[in-house]
Amino acid sequence: MAAPDDNMKMLQFLKLIGHLKSFLERVPRTGWVYRKVKNPESVSDHMYRMAMMSLVITDPKVDKDKCIKLALVHDMAECIVGDIAPVDNVSKADKHRQEEAAMRQLSSLVPDSLRDEIYALWEEYEHQSSAEARLVKEFDRLEMILQAHEYEELEGTPGKLQEFFDSTRGCFQHPDVLQLVKALNDERRSHMTEKNNSGN
């Protein structure tokens, strides 16, 4: 049975992770905030769909369990440092330093048996040191452009978030992901054509 102090640490860990949820809009995805998207998704919304992408991948060579864990951990530090976007003018080195400190703080709150695993998963993603980490990075980008497409649909503003699509050009390698990107681009082009033909 866990000691009372361990239970308090775990409670603190779960409360910190809760900051990634949309409750009180604590940590929204800043890319959408800067583009004035109404009701922007939270970081945990983003990670959840990435975890689902990891679950439904059909490639038998992929360690799905590891992908799901990587998806759930990769942005965990943002519950402390926030979602640092490129326009925030924070260097990659400084961003990494801040997130590394946050991950050390977070992992110190869980039992020793989990501490090393959680931190190692984050490092694996950061350094892109495995096939699973590289695939989850593709999911990260795919989830972003899928969300951009959905916001364009919701707001009736086709093409408004084109920069997000442009930023991912040439970034996808995995055959399953490439097929999904093609389907998404086909749907987006179709919707833009319909919008243009309607005269709106």
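**Close-up 1. Helix α10 and the second largest pocket of the predicted model.** α10 (175–197) contributes five residues to the lining of the second largest pocket, the most of any element. Helices here are DSSP runs (H or I, at least four residues) numbered from the N terminus. At least two lining residues also come from each of α3 (43–56) and α8. The space in this pocket is about 260 Å³. Among its 13 lining residues, Met 53, Val 56, Leu 142, Asp 176 and Leu 180 lie closest to the centre. The model is predicted: local features need pLDDT of at least 70, side-chain atom pairs count only at pLDDT 80 or more, and totals for chains, interfaces and linings use all residues. Residues are numbered from 1 along each chain as its sequence is written, and side-chain values use heavy atoms, with hydrogens and water left out.

**Close-up 2. The largest pocket.** This pocket has a volume of about 1,100 Å³. A pocket is an open set of points on a 1 Å grid over the protein atoms alone, where a 1.4 Å probe fits, with protein on both sides within 12 Å along at least five of seven lines; lining residues have an atom within 4 Å of a point. A volume is the space filled by probe spheres set on the points, which are joined across faces, edges and corners. Of 31 lining residues, Ile 84, Pro 86, Lys 95, Lys 137 and Asp 140 are the closest to the centre.

**Close-up 3. Asn 39 in the loop between α2 and α3**. Asn 39, a residue other than glycine, has a positive phi near 50°.
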